Amino acid sequence: MDLVEVTDHRWARTRADLRLAPGERLLGGGTWLFSEPQPGTTGLVDLTTMEWPAWEALPGGGLRIAATCTIEELQAVPGAVLGGAARVVHACADALLMSFKVAAWATVGGNLCLALPAAAMVSLTAGLGGEVVVWTPDGGERREPVASFVTGPGSTTLAPGEVLRAVDLPAAALAARTAFRRTSLARLGRSAAVVVGRANAAGTTLTLTAATPRPVVLAFPGTPPWVEVDEAVRAITDWYADPHGAPDWRRAMTRRLAAEVLAELGDVTPPWTGGTA
Amino acid sequence: MSVVVNGLAQPEAPRPGQCLRGYLREQGHQAVKKGCDAGDCGACSVLLDGRPVHSCLVPAVRAEGREVTTAAGLGTPDDLHPVQRRFAEAAGFQCGFCTAGFVVTAAGIGCGGGGCDRHDLDRRFKGNLCRCTGYRSVRDALTGVANVEQLGGFGRSTPAPAGRRVVTGREPYTLDIDGDVEHPGLPVRHVKLLRSPHAHARIVRVDTTRAEALPGVRLVLTHRDSPDVLYSTARHESRLDDPDDTRLFDDVVRFHGQRVAAVVADDAATAERAVALIEVDYEPLPAVFDPALARLPGAPALHADKDPTASRIADPARNLVAATHGEVGDVAAGLAAAAARVRGTWTTPRITHGALETHGARAWVDADGRLVVRTSTQVPYLVRDELAHLFGLGPGRVRVIAARVGGGFGGKQELLVEDVVALATLRLAEAGEPAAVQLELTREEQFTAVPCRHPMRVAVEVGADADGVLTALHVDVLSDTGAYGNHGPGVMFHGVHESVAVYRCANKRVDAEAVYTNNLPSGAFRGYGLGQVVFAIESALDELARDLGLSAYELRRRNVVVPGDEFVVNGPAGTDLEFGSYGLDQCLDLVERALARDAGDPAPAGWAVGEGMALSMIATIPPRGHHAAASVTLAPDGAVTVRAGTAEFGNGTATVHVQLVAEELGCAPDRVTLLASDTDRSGYDSGAFGSTGSVVAGVAVAAAARAVRERLLELAGGGVPTSDGVRRPDGSLVRFAELLEAPLTADGSHDGRRRSVAFNVHGVRVAVDRGTGEVRVLRSVQAVDAGVVINPEQLRGQVEGGVGQALGSALLEEMLVADGEVLTRGFRGYRMPQLADLPVTEVLFADTVDALGPRGAKSMSEAPFNPVAPAVANAVRDAIGVRPHKLPMTRDRVWRLVHDSGLSPLSPASRLLEDA
């Protein structure tokens, strides 16, 4: 929709351009910013002209995803680069409620900064142990795990003047075995519970999103029995409530999905089918 | 660098903050529709450098130096793009407001050649919403299935006359106006509304100074400008049907979101900025949100200031808008004598109509000084009459025009924007600043400020003897009409009428009350109350059949009315309803056999499977008169023009009227031009509600055509009319030009006083995942008794659309409200069915001929909605052993039903998981 108070749009080309005047907001893909009235926003600073490469291979085998990388560009990253994470990348992109027409513009950084519980890029990058790279107003840079960067529905640790530059995924996570499960009230609706799992020789990590107000990371050494995982899920007390699912159901679904993810990572059958777990 | 649209560089550059949709429409590209303006519905899809985008989300400045292609740029009515041809041939639209977006998206992903990949449609089209069709015909269009017959006449699948314009984005909807033609010389001003942040409050001060001082603001209207006239936003043939409890702007607000003031400015952005500058002091008043509490002593009485007689409110002190309490026979004795009894209470939520075109209107004063209002309405004549009443004008001083309406579903049987633009236009004219004034609601306003479906609580107690013959039926309805009583009485009375009258039972009692609360007003919604009450009654009867060991079909067969029976509710039988035909027996047989013949999709392993059915009856015409006048003109060159007052909003009456005339005059449908829904161009019509477009307006149109035919044959001295002239008995052809010196016109009319009944039976087979609560429809069948079928494809489409909307209400949709504030404010927070959500429904037609309808036809627009939710609920009950009492049956609710009943475990390990 038209943003009625906006009178200025400028294209950012240098880091100095990202310093915001009163009323200015950073504009990534614009797919959320233009989807709601934005009272108080009078200027837009367009990030697309920063021309950050959508993704870069990091020394040591990690992957840097620019904040301005679109969902569509992320889906186009070669499988060889994504390794074991390829499936979960595509699953998370598909988990977004948005049309492919919106995914062509929506950015990974925008999804992270919006920080909705159902934000599939939070599910993905938190699930793969990602770290955000934040440009600080003093010209420096800070790093933080995605799982702590998101502090609640719609809130992050970004301070005024800070800019999300990228999210880095570690090599170990890309090489890990991964599994993904989600559910929602409608078949392709907004996610109500998402569980991303990864496992390697060092241990098993399950990251819960959508059902909880912020990401919950459950890490276990080795391959834990599902009872142990289930206990950890049941110990969570804060379950999210919104039109996309009741908290008691989200809790129960997260338990199911966690069991399924664990079973897939361990290549066994989930418990309720009378299987081996 | 300019923006290039459909090959032409645009003269104006986009502004900062403008979205591409806003820019394109401002530049006159009206193929780009506004459905949600938030990226959820896809109606505004365009190609940007060949790739589909939702133009409402694209900053317009990013289109500079790039090429935009709209649906109008893909093809023309005479030279359709292959995708456009597919949509036209599949009849892949009804109102057509979403169609341009579907066409552009499909073309953008290369569906032009061999059709889209049928296995990837669900995912690719999750961002394109259609509210009318239920998606089967859209799927057909996307995969290249043709459904229309180009040469079809009456009884054939004739295509909609507007089809080629709709698929190319060229059919003008309400706000697709060429101002230079419609109101030359007048500038267009735009309105934005200030809305109440309180559920109940008195306005003690309004200061508009700062808003008025903003450059570009022309006028600010508040309660001080309101005509001192009470009226209702609901429109009926008789304005006395609805309580006069509403002021244009009031000094008391009774719901969160009620209009407080309006700003008229040079553009919508300025108006919106000025709205934020209006200062209002409110004195909050006690509010009540629960209709059960609202009718208890001590509850805040919302309309205690009204005269109950003058305003027609049953009991303002108790917040009672309308009530009926009555009994025939002896219900207590009937229940005491019953071999089986069932009682329960069922509830239905608020739902939104979800028409893709939001409410919108533009008004101006014409050269003769008359007020002209072009608006998205189902009832142009009723709007005309009420505007005349409201502003003290003679009806001749007001003209109302409805273009093709982008979906209605009952929501546009209301006066929700016309009053504001009329007041603003009149005031500007008085001030010597004449202008055309436009108000277009946002999708958020559609959710939070205009009426939704009435939420109801329905208690049913029913008993039967050992043979399954009903001994007593007691229905108790509490309907939440919200802050204003628009449609409250009608929905309540209709809700308990055909739902109860369809059963023969010596002892019946109905208690029903419609109650004011400080919630969003409820209004007319497809089914008009029947869906809510049918859900409860048909659920109770399903349980009764189980208790008796009878099949659900058999229980119905033993108790439904048959010709010769009276239609009894809770008092003397009505006298204006009759069996013009009867196909309920056929419908029951058709559905039962269809489900037995084909079980549908296989159920996933381990899921519980169940079957369910339900029926409903509906009167073919609303009570107390529904009027239509029409004329047909045959020109000497053979061109036929039909003038009819009723509006086309996706219900297909335009096609039906053309077919009826073509049949009478023996001509091809493409010789017939329809001029409709303009109070200056045709005779009076009560409007397109109560499914009357075919059975009332259609009768009038057919009568006019028959009169033309008779006169023509008189002139020719016998023979049969054809497209070119009259074929005489001797085989010779007399051309029209030889018979007619001037156009031949005849009139027809109908008063709709005699009313027939139509029937629907729905059956489903579902699978339920007890572990997650997911309900999957494996098979969906609906049999309809619509009399003689005028247009099979169109009728199938109406039924599928009603079923699809009802499946949304059964399984997905719910408006959430907290303390009167609507929390679901857009499509992304509200699960309106996507293409992925709806199964294909097999539609079966009973073979009947109605004595009252046009050529034996009956109405069938709203009725298919009504039996669906109970059929699904009965199937879920069959599958999981627990009865749902609440809609929608979302996964979390169904999971809870299973979980709380202790029936969930499928294996020892899962029992551990669930019980731990």
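Tutor: Asp94(A) forms a salt bridge with Arg123(B), and their closest N and O atoms lie 3.1 Å apart. The term salt bridge refers to a side-chain nitrogen of Lys or Arg within 4 Å of a carboxyl oxygen of Asp or Glu. Between chain A and chain B, the count is five salt bridges. This is a predicted model, in which local features need pLDDT of at least 70 and side-chain atom pairs count only at pLDDT 80 or more, while totals for chains, interfaces and linings use all residues. Residues are numbered from 1 along each chain as its sequence is written, chains are lettered from A and ligands numbered from 1 in the order in which they are written, and side-chain values use heavy atoms, with hydrogens and water left out.

Polar contacts also join the two chains: 26 residue pairs are found across the interface of chain A and chain B, both residues being at pLDDT 80 or more. A polar contact is a pair of N or O atoms within 3.5 Å; within protein, one must be able to donate a hydrogen and the other to accept it, and residues adjacent in sequence count only if both atoms are side-chain atoms.

Several elements of chain A give two or more residues to the side that touches chain B, among them β1 (8-11), α4 (100-103), β11 (177-184) and α10 (247-265). The largest share, six residues, comes from α10(A). Helices (H or I, at least four residues) and strands (E, at least two) are DSSP runs, numbered from the N terminus. By class, this side of chain A has 27 nonpolar, 15 polar and 14 charged residues. Here Ala, Val, Leu, Ile, Met, Phe, Trp, Tyr, Cys and Pro count as nonpolar, Asp, Glu, Lys and Arg as charged, and the others, Gly among them, as polar.

As for the extent of the interface, 56 residues of chain A are in contact (heavy atoms within 4.5 Å) with 57 residues of chain B. Together the chains bury about 4900 Å², of which 58% is on carbon and sulfur atoms. Phe100(A), Lys101(A) and Trp105(A) supply 15% of the area that chain A buries against chain B, more than any other three residues. Buried area is the accessible area (1.4 Å probe) that two parts lose on being put together, summed over both.

Finally, chain A itself contains 10 helices and 14 strands. Its C-alpha atoms fill a box of roughly 60 × 45 × 30 Å, taken along the principal axes.
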